[in-house]
Amino acid sequence: MHSASRAAIPERHLRTDRWWLAPAASAAGLLLFIIYSTWRAFANDDYYESPYVSPFYSPCLADNCEPMRDGPNWALVGDWWGISPAIIILILPLGFRLTCYYYRKAYYRGFWASPPACAVAEPRKRYTGETRFPLILQNIHRYFFYAATLVACILTYDTVLAFRNADYEWGHMGLGTLVFLANAVLLWTYTLSCHSCRHIVGGRLKHFSKHPVRYRLWGWIGKLNARHAKLAWYSLVSVALADFYVYLLAIGAFDDPTFF
Amino acid sequence: MTQVERQAWDVVVIGAGGAGLRAAIEAREQGMRTAVICKSLFGKAHTVMAEGGIAASMGNVNEGDNWQVHFRDTMRGGKFLNHWRMAELHAREAPDRVWELESWGALFDRTVDGKISQRNFGGHEYPRLAHVGDRTGLELIRTLQQKIVALQQEDEREFGDHEARLKVFQECTVTRVLKEADPAGGPTGAGGSGRVAGVFGYERESGRFFVIEAPSVVLATGGIGKSFKVTSNSWEYTGDGHALALLAGAPLINMEFVQFHPTGMVWPPSVKGILVTESVRGDGGVLRNSDGKRFMFDYVPDVFKDKYAQSEEEGDRWYEDPDNNRRPPELLPRDEVARAINSEVKAGRGSPHGGVFLDVSTRMSAETIKRRLPSMHHQFKELADVDITAEPMEVGPTCHYVMGGVEVDPDTAAATGVLGLFAAGEVAGGMHGSNRLGGNSLSDLLVFGRRAGLYAAQLAANTRPEDRPVVAEADAAAAEAEALLPFSAEDVNATTASGPVENPYTLHQELQQAMNDLVGIIRKHEEMAEALNRLAGLRARARRAGVEGHRQFNPGWHLAIDLRNMLLVSECVARAALERTESRGGHTRDDFPAMDRLWRRVNLVCQVATQPEIDAERPAVHGGGVAPADPGLSGLVGDQAGQIQLERRETPPIRPDLLQLFERDELVKYLTDEELSQ
Amino acid sequence: MSYQAHFKVWRGDADGGGLRDFTVEVNEGEVVLDIIHRLQATQTPDLAVRWNCKAGKCGSCSAEINGRPRLLCMTRMSVFEQSETITVTPMRAFPVVRDLVTDVSFNYAKAREIPAFVPPADLKPGEYRMSQEDVGRSQEFRKCIECFLCQDTCHVVRDFEENKPAFAGPRFLMRIAELDMHPLDAADETGLDRKRAAQEEHGLGYCNITKCCTEVCPEGIKITDNALIPLKERAVDRKYDPLVWLGNKIKRRGQ
């Protein structure tokens, strides 16, 4: 970071606080999720226990999916697909989160140390940011947002299906239903709080006064958007929890406690 | 002595606050090559501190408003001592100046129908202040700054050089306005009788000296607050323009009128004096003493009795229904409120840190407070750890503004007696009379900044190239020697043996203390006499102010140079205040508490005395050391520092049609019978 | 209530320098700038520091305290332990002039590169009508006091001097956002596309939205969320989104 004319301070930084804590924590959190989700996505097993389907496997788009009654399986991809069907659909939420303006900050800081923290020098020689391939692809975030909205709709549908019991009878609720409900709410709030969404809904307008409805929507989404980082983490945890809950049911660790 | 760098421009503007930038824009738009010189970085001028708004009778909120009403309010606020023509021009032109800002990109708060919103303020009959939250000054500066950048971009396109016709010399101090050498061979330079020839200054960063030659120089340097201990003013406010004018031979008027803003922060000590905007009261904030009483109702003076609410209930109703109720007395002109707070504190009913309570928390929701007074909320939270949405602020008077300044021609802003010198903004006197209304400052900057720029440009345009005044080599050399004095303080000491080398910081603190204690908000004859005594002592010591180090960004040196200006201006204030044996506006005499109609006809004019003036108030110490080593300016550097001579001048009669805007009942309070009968 | 604090203050100039130790009195309610002033008045009269309003309104006294870009006048001493050594250095992204004073001309150069507000051709002064909801966004950005802390902390130029020519920095990208969101800016009519220019000429793509600018902003402006990201999305509209491109094409055809 030194150029001849700047103040000659050899230290990479002079911060005295624990600046490394936040990037280390987000790196650790993301790493944990990556390990867990990789295991679960490739497992190709224990993802369905009626009436619950793991969000990792929904919608299930290959021939090799477990049969789920009224469930989100459409064998669009066909029977040539040999590995876990989760891989097909996970590309979309993965892409959404990978290009998300919040996650970008988290992993640029946590994994790339670019920068590790404010006013702490970067360890590399050159930096071009998002001006070139591949990082210029971050600009397609809004398309992943559209896709993520579709996925959120399907997961909402899954949540509706969760108001059945194990015998597919309607009007029942178990602990799993609550887990799914919470997950659906968090996924929706995370998805809607997206910066691209905020832009599409109203941010792109020059004159709010001519579009009162979109202005109001923009205002609401703005409030959600201020919590985008929190929602990103909450929904990440909730989606993993929902999957883990289904996994536990599927391996028979316990029976879903039903309320009615 | 090495030759200093010289440049030639058409118009030089000293100061880059609202008035300076507006003047520069105008001069440049008139086609003149314009140089702006400022002590801080471009865009940091003290104007950013203005919070409440710009007074302009656009009538966006109340259609009853027009320039006549604004004129009337301004004259009342100034207790009729204002130069009527300045007040008239100001009231007439302010709306255009505000609208023009919009076309340069300013974004004021809006009314529901999309016009510029206007807010209430002390002394203004109608909601009149165009504002942006409580950071209007910042908006003003930024808009002017960006307009200058826009003009520079134009020049870039045309000439390939951003600074072809408009350049900002930032972080530079001007120490002298130089005049043409007197052809008769008399005293040259600053003391000469010729036209303005340019300025002498130094770059703060490098310490390098420079001369800029120009036929027109606009002073827009702001005020003098740094001579007082408790002040809302920044370090830049050392009265430079006032002193430059005096030293160039131009008189100052009304210097006894110093406005103490009623509400400055009183705690913690390090921020004591920082402003709490009047909008707090305009938007519903009330003043209470330690008994919880809204004491302002006890302090409505007779001249205002019928204009202000007599009960809390009526005052409260006014915020909602201003047409059928009178405004609460918290919104009296600033001088009245400041004195009232002063009295409450003196009577032992003050707050723990020696102020009174200013409360908005019980009158507005936290949300409203944060929206309408964001920077106040921020300021108290950050600096005093006080949450104004939940608890009252502690406030007390703080030195805020000097009404006095360079005597100017109202229409052209030309300084009296020095051809080529102009002044606008706080450094100019006359516009605000004895007391300025809140919001009238920003409009003053724009109205007279533009006029100063316009007429400075015209003068420059009308000066033929071969007629341009030239700065004499000797004058530049003398100015340089003067600026370098603090580095040779030890040698001076050795030659005159008059005392030890003085620390400029110590001298400054003593000056501030003296002015604050002795020429402050309430004044007495004995105290002011004592102040003049102390000033004389400080003056002698200031000649021995010495600094260490070198010229590159050396704050001690800068202060040593500024001391000359502060001492000069402080003497004007003290001398004029001692002379005026009445109380009016920003000048309150304990020994002469009443306003005297006879005094309304008198402006006190300060000038550098030509002969050493020894009087009873002045100790012999003054005559002592004449600073050596400055042949060209010896008659000035040595002697001028202690010599202000005061002169009474009759105020010009107010034009009859303007007088008719007032009821006779009101005029009798201000004008003498003789004036009324005319 | 007063105590003796330990300070390390960087002193020097472009030719070199280092941290110098000081022990100095601190009283209740003081901010770091007060302490620097006390050093000037009592120990080092030629210590260079730039300051002005002392109330967080002018943005002159930017420096780095314990390694973090901050305003000296808005950093209260009470946030530090009495035993703590407080390190004060000049801003590290700009050339140093002397001691705590840096040469911030980079920022003024960048300011000149941003095309100014274009007034609408058909409106005279006084005829401007704008509603509050339309000016709100740009007003937030106009709260900027130009302390340049965001420019100082932004790793794009702080850590890579060579990026300076290509990158305007958060302050001036925000200025582009402000003008692009100004309800009456008529840049479009003159053929100036601010969205495209932000990406192509002012280096918006260098920003990797790691939010340090927002973190250091003393005015609490949400630079990243409200200015930079919306500007990126606007640039996407122009450059990377075929649907928006198509939509605009059809709309223009329809008119």
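Student: How far apart are the nearest C-alpha atoms of chain A and chain B, which do not touch?

Tutor: This is a predicted model, and every value discussed here is computed from it. In the model, chain A and chain B do not touch, and the distance between their nearest C-alpha atoms is 10 Å.

Student: Which chains have the most contacts among the two pairs of chains that touch?

Tutor: The contact in question takes 48 residues from chain C and 41 residues from chain A. Among the two pairs of chains that touch, the pair with the most contacts is chains A and C.

Student: Which element gives the most residues to the side of chain C that touches chain A?

Tutor: Several elements of chain C give two or more residues to this side, including strand S1 (3-13), strand S2 (16-26), helix H3 (132-141) and helix H9 (223-239). By class, the side of chain C that touches chain A has 19 nonpolar, 14 polar and 15 charged residues. The element that gives the most, with seven residues, is H9(C).

Student: On the side of chain C that touches chain B, which element gives the most?

Tutor: Here 46 residues of chain C are in contact with 51 residues of chain B, and those of chain C divide into 21 nonpolar, 13 polar and 12 charged. The elements of chain C that give two or more residues to this side are helix H1 (32-42), strand S6 (96-98), helix H2 (105-113) and H3. With four residues, the element that gives the most is H3(C).

Student: Turning to chain B itself, which element supplies the largest share of the side of domain 1 that touches domain 2?

Tutor: The domain assignment of chain B gives domain 1 (259-400) and domain 2 (495-650), and their contact takes seven residues from domain 1 and five residues from domain 2. On the domain 1 side, strand S13 (258-265) and helix H8 (334-346) of chain B each supply at least two residues, and by class this side has three nonpolar, two polar and two charged residues. The largest share, four residues, comes from H8(B).

Student: Why is helix H14 of chain B called roughly parallel to helix H16 of chain B?

Tutor: The axes of H14(B), residues 504-518, and H16(B), residues 555-579, come within 9 Å and cross at roughly 25°. Angles under 35 degrees count as roughly parallel, so the crossing of H14(B) and H16(B) is described as roughly parallel.

Student: Is the crossing of H14(B) and H16(B) left-handed or right-handed, and what classes of residue make the contact?

Tutor: The crossing of H14(B) and H16(B) is left-handed. Among the residues that make the contact are Leu507(B), Leu511(B) and Met515(B) of H14(B), together with Leu559(B), Leu563(B) and Ser570(B) of H16(B). Taken by class, the residues of this contact divide into 10 nonpolar, three polar and no charged.

Student: Which strands are the edge strands of the five-stranded open sheet in chain B?

Tutor: The sheet has the order S7-S3-S2-S11-S18 (chain B), and its pairing is parallel. Neighbouring strands of this sheet are turned by 20° against each other on average, direction ignored. An edge strand pairs on one side only, and those strands are S7 (166-169) and S18 (421-423) of chain B.

Student: Which residue of S7(B) stands opposite Ile37(B)?

Tutor: Strand S3 (residues 34-37) of chain B is joined to S7(B) by four bridges, and the two strands run parallel. Ile37(B) has as its opposite residue in S7(B) Phe169(B).

Student: What is the phi of Asp46(A)?

Tutor: Asp46(A) lies in the loop between helix H1 (21-43) and strand S1 (48-49) of chain A. Although Asp46(A) is not a glycine, its phi is positive, at about 55°.

Note on methods: Residues are numbered from 1 along each chain as its sequence is written. Chains are lettered from A and ligands numbered from 1 in the order in which they are written. This is a predicted model: local features need pLDDT of at least 70, side-chain atom pairs count only at pLDDT 80 or more; totals for chains, interfaces and linings use all residues. Axes are lines fitted to C-alpha atoms, for helices over the stretch in contact, and angles run from 0 to 180 degrees between N-to-C directions. Angles under 35 degrees count as roughly parallel, over 145 as roughly antiparallel, 65 to 115 as roughly perpendicular and the rest as oblique. A crossing is left-handed if the near helix is turned anticlockwise from the far one by less than a right angle, and right-handed if clockwise. Ala, Val, Leu, Ile, Met, Phe, Trp, Tyr, Cys and Pro count as nonpolar, Asp, Glu, Lys and Arg as charged, and the others, Gly among them, as polar. Domain bounds come from an automatic or database domain assignment. Two strands pair if DSSP finds at least two bridges between them.
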